[in-house]
Amino acid sequence: MEKKKLAIIIPTCNRLGCIRYYLETQLERFREYGVDVILYDSSDDDGVLNCADTFCRSGFQNLIYKRYEEAGNVRAIDDKVFSACRELHGQYEYIWFSSDGTVFQIDSIWPSVSRGMEQGRDLLVLNHAHSSNIADRTYTDSRALLQDCGWILTMLGTGIVSARLIRETVERFPVTSRTDFWLWYPLAYFYTLAGRPVDAVWLGCQTPYRENPFRTDAFWKLNGDALWQWGKVWVESIEALPAFYDDVKAGVIRSWDAHTRLFSIKGLMGMRAQGQITHSDVVRYRAYIKKITDTKAVWFYIITLPGARTLLSWVRRMYRAIQKKGRERQ
């Protein structure tokens, strides 16, 4: 059977509003470009299935619904993405995972995406909201790719991967119930690519997507797991990579917060206000703080102190004063 060129796979769970909006605004354009859209669903009900059926009955043959039944553990997204890769890599030349919380600007980025696939690249990296690459940047060394783009690729929607790379990675580095392979996507690809040439490009197109108005915060924020996800998991995942990457690991670890500013003073105050980070989190994951951010650990402790409203008010005033002074110097 001849492979199709490209499939967009959307892992989703209990986000019917996001999916409906995504399909209403995207499906027609994807059909025109010959792109399949695959919903990889582990919802608690049939809402997403029924929504997909409605679109399929209206003539969208490029929409495919897949039920994922093995959700429920803390690594569900890793398991789900691995399962989708294992099941679907043989049907397409390229796989493009997408969050259901973002909506692609496909018309503006398609020329770059199409050109990269025609060139047979191993991996295409798209810009993220916090990145600002203007011109295409090519890579033959996976260390440089990890250093520049490792943090970007953790965001679903920023990587388009060749099926040949996916096939080899699925076979050599599977997710199993016996191992904790944190962040299988995208870090498993870097295991495969260690010590050999890569043909990758970071596309210089502007931000390729906009926010889905029905999106909610990331699961790790809603669950109060920010320090677990981007402290423990991120640090241990990067440090576990092959020794080939040792020279860049420390910089890669810091790159995530350096771009997203999640653990800046402002970011910490925002999470504290939403109940998404606690003092016990800081104590539990304190060993990771100095590795992931330039923000001093003392700010984590101060901002998360229980009942410290007066202190937090002082922190906000101090932060604003520092910001104002910085603007005046410019």
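**Notes on the predicted model**

1. Just after helix H11, Gly 275 has a positive phi of about 70 degrees. H11 itself covers residues 265-273. Its buried residues are Ile 265, Gly 267, Leu 268, Met 269 and Met 271. Leu 268 comes up again below, as a contact of Phe 300.

2. Some context for the whole chain. This is a predicted model. The protein chain has 15 helices and 10 strands. Of its 330 residues, 52% count as buried. Take the contacts between residues at least 6 apart in sequence: 80% of these join residues at least 24 apart.

3. Two residues deserve a check of their backbone. Most residues other than glycine have a negative phi. Leu 183 is not a glycine, yet has a positive phi of about 50 degrees. Arg 261, also not a glycine, has a positive phi of about 60 degrees. Leu 183 sits in the loop between helix H6 (163-172) and H7. Arg 261 sits in the loop between H10 and H11. Leu 183 counts as buried because its relative accessibility is 10%, under the 20% cut-off. Arg 261 has a relative accessible area of 41% and is partly exposed.

4. Most peptide bonds are trans. The bond from Tyr 185 to Pro 186 is cis, with omega near 10 degrees. Pro 186 lies within helix H7, which spans residues 184-193. Both Tyr 185 and Pro 186 also take part in the contact of H7 with H5.

5. The axes of H5 (residues 142-153) and H7 come within 10 Å. They cross at roughly 175 degrees. The angle is over 145 degrees, so the two helices count as roughly antiparallel. H5 contributes Ser 142, Leu 145, Leu 146, Gly 150 and Leu 153. H7 contributes Tyr 185, Pro 186, Leu 187, Phe 190 and Leu 193. By class, the contact has 8 nonpolar and 2 polar residues, with no charged ones.

6. Compare the pair H1 and H2. The axes of H1 (residues 16-32) and H2 (residues 47-57) come within 9 Å and cross at roughly 20 degrees. That angle is under 35 degrees, so H1 and H2 count as roughly parallel. The crossing is right-handed. From H1, the contact uses Leu 16, Ile 19, Arg 20, Leu 23, Glu 24 and Leu 27. From H2, the contact uses Gly 47, Val 48, Cys 51 and Phe 55. In this contact, 7 residues are nonpolar, 1 is polar and 2 are charged. A helix has 3.6 residues a turn, so residues three or four places apart point the same way.

7. Aromatic pairs number 17 in the structure. One of them joins Phe 244 and Tyr 245. Their ring centres are 5.1 Å apart, and the planes stand at 85 degrees, so this pair is edge-to-face. Phe 244 is partly exposed at 25% relative accessibility. Tyr 245 is buried, with a relative accessible area of 0%.

8. Ring pairs also build a cluster. Its members are Phe 82, Phe 97, Trp 184, Tyr 185 and Tyr 189.

9. Phe 300 belongs to helix H14 (residues 297-304). At 0% relative accessibility, Phe 300 counts as buried. Leaving out residues up to four places away in sequence, Phe 300 touches Leu 227, Phe 263, Leu 268, Val 282, Ile 289, Thr 293 and Thr 295. Phe 263 lies 37 residues from Phe 300 in sequence. The C-alpha atoms of Phe 300 and Phe 263 are 8.5 Å apart.

10. Last, Ala 258. This residue is in helix H10 (residues 246-260). Ala 258 is partly exposed, with a relative accessible area of 48%. Ala 258 and Ile 292 are 34 residues apart in sequence. From C-alpha to C-alpha, Ala 258 and Ile 292 are 8.4 Å apart.

Note on methods. Residues are numbered from 1 along each chain as its sequence is written. This is a predicted model: local features need pLDDT of at least 70, side-chain atom pairs count only at pLDDT 80 or more; totals for chains, interfaces and linings use all residues. Side-chain values use heavy atoms; hydrogens and water are left out. Axes are lines fitted to C-alpha atoms, for helices over the stretch in contact, and angles run from 0 to 180 degrees between N-to-C directions. Helices (H or I, at least four residues) and strands (E, at least two) are DSSP runs, numbered from the N terminus. Angles under 35 degrees count as roughly parallel, over 145 as roughly antiparallel, 65 to 115 as roughly perpendicular and the rest as oblique. A crossing is left-handed if the near helix is turned anticlockwise from the far one by less than a right angle, and right-handed if clockwise. Contact means heavy atoms within 4.5 Å. Ala, Val, Leu, Ile, Met, Phe, Trp, Tyr, Cys and Pro count as nonpolar, Asp, Glu, Lys and Arg as charged, and the others, Gly among them, as polar. Buried means under 20% relative accessible area, exposed over 50%, partly exposed in between (1.4 Å probe, protein chains only). Rings of Phe, Tyr and Trp (its six-membered ring) pair if their centres lie within 6.5 Å; planes under 30 degrees apart count as stacked, over 60 as edge-to-face and the rest as tilted.
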